[in-house]
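Subject: Structure for your review

Dear colleague,

Please find below the structure that I am handing over to you. A summary of the findings follows it.

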Amino acid sequence: MSNYNQEMIDKYRGNFLKEVQDNVEEGDWVKMCMQCGVCSGSCPLGPHWDHPPQEIFMMIRAGKREEVLESTSMWMCTSCYNCIARCPRGLPITHIMHGLATYSKRLGLAPQQQPTAKFAQLFWDNLTKKGRVNELKLGLSLYFMNGIGEGIKTSLKMKDIGLNMLKTKRMSPMEYFGGHSCKDTKGFQAMLKKAQELEEARIGKSGS
Amino acid sequence: MAKHSYSFYPGCSSQKAASSSNYQVSVDTMCQELDIELNEIPDWNCCSASIGYAGGGELPRLALSARNIALSEQAHGDQDIVATCAACWLATRETQERLNEDSELMAETNTALAEAGLKLKNDKKIRHMVEVLIEDIGYEELGKHVKKPLEGLKIAGYVGCQTNRPFGIAGESFENPKYLDKMIETVGAEACDNYEKKVSCCGGALAFSEPEKSQALIKDIIESAYDNGADMIVTPCPVCQMNTEVYQDQINATYGTKFKMPVVYYSTLLSVAYGKSAKEAALDGQIIKAKQLEDIAGK
Amino acid sequence: MADMKIGAYICKGCGLGERLDCDELATIAQRDGKAQVVQQHDFLCSAEGVKMIQADIDNEGINRVVIGACSRRAKTEAFNFQNVTISRANLREGVIWIRPDEDDLRETTQEMAADYIRMGCAEAKHSTVPASEQEKGSNDTILVVGGGITGMTAAIEAAKTGYPVHIVEKTGSLGGYAGKMWKDVPMHSPYTDPVDTPVTKLIAEVEADSRITVHLNATISKTSGAPGRFSADISTESGATTTENFGAIIQASGATPYDASQLPELGYGKSKDVVDRVELEQLAIAANGGPIKRPSDGKEVKKVTFIQCAGQRSDKEGHLNYCSGDCCLTSIKQAMYFKDQNPDIETEILFDDLRTPGAPGEDFYRSGQDKLVTFRKGKVSEVVAGSNGPLVRFKDMILDEDVEEEADLVVLATGMVANSGVDIDAVPQNEPGEWEVSVDSILNLNYRQGKDLPHLKYGFNDSHFICFPYETRRTGIYTCGPVRRPMDTQQAIDDATGATLKAIQEIENAKVGRAAHPRSGDLSYPIFRKEGCTQCKRCTVECPFGAIDEDEKRFPVFNESRCRRCGTCMGACPVRVISFENYSCDTVGQQIKNVDIPDEFDEKPRILVLACENDAYPALDMAAQQGVSYSQFARIIPVRCLGSVNTIWVTDALNSGYDGIILMGCQKGDDYQCHFVKGSEMANVRMSKVDDTLETLSLEKERVETYEIAITDIERAPKLINDMAEAVEKMGMSPFKF
C-alpha cells in the first residue's frame with residue numbers, strides 16, 4: 001500500500017487538488033467550495049474535528065496532502081447530511097468526507113488508532129461475510145478491537161445495555177452461532193469481488 | 001380502500017432478535033390495519049449504511065444496494081421499494097441516483113451484478129415507510145383508524161437526520177419538518193411544537209466508536225424533550241431510536257441526569273391508537289417502558 | 001384669465017355617503033369655501049360624474065375645481081381636467097378610512113371632513129392655472145462627454161433613436177479603458193470564458209453613423225445654458241475652439257485606474273514582476289494567446305498570484321475606501337488568460353471577500369473554480385523580492401496561518417477612481433462675471449454653483465443609485481458609467497442606455513416648457529417678484545439643482561428649465577417673493593388658516609401635518625388602505641418637498657392656535673432619499689430655528705417635530721401623529737386660539 005502512496009505522490013507532484021479530483025469519490029467538487037463555512041458550523045461534531053470541512057477543502061487546495069490524509073477529521077463524520085442540505089454551492093460534503101476517508105485508508109495513511117476508522121472496517125468485514133450484519137458479532141468485535149484487556153473492560157461497561165437488549169429480545173446469543181445470512185452468499189461475494197476489481201482498475205487508469 | 005402492495009426492504013436491524021426487531025413487529029401490525037402488503041425482497045443484503053466506507057470503495061458499496069434493487073425488480077416488477085430503516089432507504093436511493101447520473105458507474109455495476117446473475121434497470125421508486133403513510137394513505141385515512149386517541153400525551157417528534165436529509169419527505173423543510181408532529185396530532189396526542197432538537201444528530205454509527213461525543217449529542221436531544229414537557233419521544237429511524245433509548249443510563253451516570261424518557265417508533269404509536277395490544281404494538285420491546293402507552297393498550 | 005369661479009364636487013361613493021353628512025359638507029363648501037357651484041354625486045369618478053364636472057367647466061365657467069372624494073393620489077386619470085386648477089379634499093383616505101366607524105366618533109369625523117373641504121376651497125381660491133414656462137428649448141442634439149464604452153453606447157443609442165450626437169473624447173482614440181483590455185468578462189450565457197471586448201464593434205458603429213460627430217483630443221472649455229438650449233465650447237489640443245448647441249448632456253467620463261505606485265508595500269515599483277491590472281492586460285495583448293511572459297526577464301509565467309483589494313476597501317492614507325466592484329471578476333478573467341493557455345500554470349487569487357456582482361458574476365466565478373483557479377482567503381501583508389520572483393507574505397484566514405509563497409508574477413487588483421472633475425464643495429466658486437476655465441474640470445459649467453457636477457461619496461458624481469439613477473443635480477446633464485459608481489463593462493453599457501433615455505425625456509419636455517423630472521410634465525415654474533427681494537442669496541445657495549444664478553446686482557436669475565419644481569427656493573425665501581401658480585405660500589398658508597380651530601375649552605386640539613408628497617403622504621394613504629387609524633385632530637397638507645416648507649407656515653399655525661405641528665420628510669444625509677436631494681436637509685436646518693419662535697410664544701418645544709418618513713412607514717407615520725396627540729394632551733391646549 002505504501003507503494004501505492006508513493007505512486008500517487010510521484011504522479012501528482014504536489015497538485016493535491018488534482019489528485020483528489022481524480023481519486024476521491026465526488027472529489028471533483030472540492031474546487032467548487034466558496035469557503036463560506038456553513039458546513040463547519042452545521043456539523044454536530046464540528047468542535048471535535050481537527051479541521052472541519054471548510055478547512056479540509058482549503059487545505060486540499062493549498063496542497064497539504066499528508067495533513068489532510070493523515071487527519072482524523074473526516075472520520076468524525078456522523079453522516080447526518082446537515083452540511084449537504086445547507087451547502088449553498090451544493091457540494092456533496094458527506095460523500096467527499098467518506099471518499100477522503102476511503103482514499104486515505106487505501107493509501108495506508110489513515111490514522112491507525114482512529115476508533116471510527118476501525119469500526120467502519122469491522123462493519124464492512126462483518127457485512128461482507130454473509131451479506132447481512134451480525135449485530136452481536138459486530139458489537140463484540142467492536143469491544144475487543146483494542147485488545148482482550150480493554151475488550152473485557154468495555155464489555156463490562158456495556159453489560160447492562162446488552163442485558164437490556166436481550167431482555168427485550170432485540171439481541172440473541174444464538175446470533176453468535178451462524179446468525180442471519182443471505183442465501184446466495186457465493187453470488188454476493190463474487191459480485192463484490194468484481195466490483196472491487198473494477199474499481200481498482202479504474203483508479204489505476206484515472207488521471208493518466 | 002384498495003390494498004397497497006410494496007416490495008419491502010426490511011434491513012439488518014429489523015431481523016428477528018436484532019436491535020429494531022420491535023420496529024418490524026409494530027410495522028407489521030400497522031400495515032395490517034391499513035391494508036398495506038409488504039413483500040420482502042428475496043435474499044436482500046445489507047446496504048452498508050453510511051459506515052461501510054473504510055472497507056468498501058464507492059463501487060462495492062453501490063453494488064450492495066444495486067443488488068437489492070435488481071432483486072426487487074426481478075421479484076416485484078411493478079412495486080415501489082419501501083424501507084423502514086432510514087439508512088437502508090438513504091443508501092438505496094443514493095445508489096439509484098448516483099448510477100442514473102453516471103453511465104460508466106452504471107455499466108460497471110451491471111458487470112459486477114452479472115457475477116450474481118443479476119441485471120439492473122434502476123427505474124423503481126425507492127421510498128420510506130413514512131412516505132407511504134403520508135402520500136399513499138394520507139393523514140385523513142390514518143386518522144380514521146384511530147380507536148383509542150392518545151389524549152393527554154405530549155410527544156416530541158424526533159425526526160433525526162437520514163429520514164430528513166438529503167432527500168427528506170416531499171414538501172417538508174430540512175430545518176423544521178412537520179410530518180411527525182402531524183402524525184402525533186392525527187393519533188390524538190399533542191406535539192411539542194418547538195422541539196429544537198427535532199433534526200439534530202444522535203451520532204449515528206459513531207455512538208459505537210465515539211461514545212462520549214455521541215452521548216453528549218444524545219443528552220441534548222433528550223433534555224430538550226424534557227424541556228418541552230414531552231412524555232415520550234417518537235422517531236422514524238432505528239438508529240435514532242436505539243441511540244436515544246439505550247444509552248440513557250450511561251448518560252445519567254456521566255452527567256448526573258435522571259433521564260427515563262421512553263422512545264417509540266411512529267408505528268408503535270399508530271398501533272396503540274388503532275387499538276392493538278401491547279404485544280402487537282411491540283411495547284415489550286421498550287427498554288424504557290412506555291407506561292402511558294401500555295395503559296392505553298391495556299384498556 | 002377669466003374671473004375665478006369655484007366648483008366643489010362631493011362624492012358619496014366608497015362609503016362617504018354613509019359615513020359623512022354630505023349635505024352639510026356641501027353647505028360648507030358654499031358658505032365657507034365660497035364655491036359658486038356645489039354638486040354631490042354617488043360615484044364621482046364614474047364617466048357620468050366626470051361628465052358632470054366637465055359640463056360645469058364648459059357651461060358654467062368653473063375654473064377652480066375642488067374634489068371632495070379620495071386622495072389626490074387616486075383616480076388621477078378620471079379627475080384630469082384641462083385649463084382649470086384641481087384641489088383634492090381627501091375625505092376617503094384622509095378621513096373615513098383612518099377613523100373608526102363608531103357613533104360617538106361621528107362628530108369629530110365630520111369635523112375633519114368639513115375642514116378638508118374648507119382647505120380644498122382655500123387652496124383653489126389662491127391657485128392659478130399654470131402656464132408653461134417661457135423659455136422653451138428646441139435643440140435635439142446630445143453632447144456625450146467621453147468616448148469609452150459608456151460614451152459610445154450612449155451615442156449609438158441616441159443616434160439610433162434619431163437624435164444627433166457629438167462625442168468629445170480627451171485622448172486621441174475612442175475605446176477608453178476597455179480599449180486597453182485584451183479580453184472582457186462575458187456578457188452573455190454561458191458565462192464561462194473571456195470574450196472579445198465590444199470596443200471594435202462600437203467604434204465601427206460610431207464611425208458608420210452619420211448622426212454622430214466625434215471630437216478627438218478635445219475637452220469642454222465652457223458649458224452654459226439650460227435643458228433644451230445648452231451651449232458648449234469644445235477645445236482641441238491645438239487650441240482651436242468650436243461652439244456647439246445641445247439639448248442635453250451625457251457625462252460618461254469614466255474612471256482612471258488607481259495609481260499602484262502608492263503601494264510599495266505590495267512590491268509595486270520595486271519589482272518589475274509586480275504589475276497592476278492594466279499592465280497585465282498589456283502583457284496578455286503582447287502574448288496574444290501564447291504564453292504570458294513576465295516583464296523582468298521574459299520568462300514564461302508558471303505561477304501567478306493575484307492580490308485582491310490592492311489599495312482598496314481600506315482606511316489607510318491614500319487608499320480607496322470603497323470596493324471598485326469589478327476587480328474580482330477582472331482577476332478571475334485574467335487568471336483564465338493563464339489557465340486557458342496552459343492549465344498547468346498555477347493561478348492563485350488571494351481575496352478578502354470575493355464579490356462578483358452582475359449577470360455573469362456567480363457563473364463566471366464557478367467557471368474559474370472549474371478551471372482550477374485557486375481561490376484563497378488571505379490577507380496580504382507584503383510582497384518582497386524572493387529568489388526567483390516576488391515573494392508574497394499573507395495570512396490564510398481559513399487555515400489561520402502565515403504563508404510565504406513565491407510567484408513568477410504578482411498582479412495587483414487595483415481599483416478605479418472617478419473622472420468626476422473638480423469637487424465644487426471644496427473649490428471656491430468664481431465670482432459672478434469673473435468666470436475662468438479650469439483644466440481639471442470636465443464640463444466647465446458657468447453656473448453660479450460651480451464648474452462640475454456635485455460629488456457625493458468617494459469622488460463619484462452624485463446620482464441616486466436606486467430612486468433616480470443617471471439624474472444629477474444639474475437638470476439636463478446625466479451621468480452614466482463608472483463616473484457615478486464603480487462598475488464593469490456590462491453595467492456601463494446598461495447605464496449608458498438608461499442615461500440616454502433620460503436625456504431624451506428631458507429634451508422632449510424642454511420643447512414644450514414642462515418640468516423634466518421628477519415632476520415630469522409639471523407646467524408650473526417659480527415666479528419671482530423682484531420688488532420685494534432683499535438679495536439675500538438664500539435661494540441661489542439652497543437650490544439643490546443649480547437652477548438659480550445671480551446677476552451682477554446679486555438678484556436671482558431663474559433658469560426655469562433647470563428647475564425641478566421642488567419649491568426649496570420658496571421655502572428658503574424670508575420675504576416670500578417666490579411662488580408657483582398652483583403652489584405658493586398662500587395656497588398652503590390659506591389652508592392652514594381655513595381649518596376651524598375650536599375654542600380652547602372644547603378640548604379638540606388641532607395638529608398640523610405637513611407631509612412630503614413623495615413618501616410620507618403615500619405612507620399615510622397606505623396606512624388608511626390597511627385600516628390603521630390616527631388622531632381625529634390631525635389635518636394633513638401634502639407638500640412638494642419638505643424643502644418647500646416656509647417657516648411662515650409654522651409661525652402662522654402656532655399663532656392661530658394649532659396645538660402641534662409635525663413635518664414629515666424623506667431621509668437626509670449622504671444616504672438621502674429626498675427626491676430633491678437637499679430638501680429635507682434644508683427643512684431640518686430651518687426648523688431648528690423655529691425653537692426661537694416657540695420660545696417667544698412661550699410654547700413647548702415638543703409642539704413642533706420633524707421626522708424622516710419612508711414610504712414603508714405605514715405603521716410608524718400614524719403612530720407619530722398619535723404620539724403628538726398624546727403629547728398635546730399632556731402639555732395642554734395652545735393658548736393662542738382666537
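C:Gly7 lies opposite C:Val65, a residue of strand β3 of chain C. The model is a predicted one, in which local features need pLDDT of at least 70, side-chain atom pairs count only at pLDDT 80 or more, and totals for chains, interfaces and linings use all residues. Residues are numbered from 1 along each chain as its sequence is written, while chains are lettered from A and ligands numbered from 1 in the order in which they are written.

Strands β1 (residues 6-11) and β3 (residues 64-69) of chain C run parallel and are joined by five bridges. Strands (E, at least two residues) and helices (H or I, at least four residues) are DSSP runs numbered from the N terminus, and two strands pair if DSSP finds at least two bridges between them.

Helix α3 (residues 47-59) of chain C packs on the sheet and touches β1, β2 and β3 of chain C, its direction making about 170 degrees with that of β2(C). Helix α5 (residues 106-125) of chain C also packs on the sheet, touching β1, β3 and β4 of chain C, and its direction makes about 165 degrees with that of β4(C). Contact requires C-beta atoms, placed from the backbone, within 7 Å; axes are lines fitted to C-alpha atoms, for helices over the stretch in contact, with angles from 0 to 180 degrees between N-to-C directions.

The sheet is open, with four strands in the order β2-β1-β3-β4 (chain C) and parallel pairing. Because β2 (37-41) and β4 (85-90) of chain C stand at the edges with a single partner strand each, one side of each is left without a neighbour in the sheet. From one strand to the next, the twist averages 15 degrees.

**Helix α6 of chain C**

Of the 12 residues of α6(C), 10 are buried (20 or more other C-beta atoms, placed from the backbone, within 10 Å of the residue's own). Among them are C:Met152, C:Ile156 and C:Glu157. Their cover includes β5 (142-145), α7 (199-208) and α11 (489-511) of chain C. Just after α6(C), C:Gly162 has a positive phi of about 105 degrees.

**Strands β28 and β29 of chain C**

Five bridges link β28 (residues 660-665) of chain C to β29(C), and the two run parallel. C:Gly665 faces C:Glu708 across this pairing, standing opposite it in β29(C).

Yours sincerely

How values were computed. Two residues are in contact if their C-beta atoms, placed from the backbone, lie within 7 Å.
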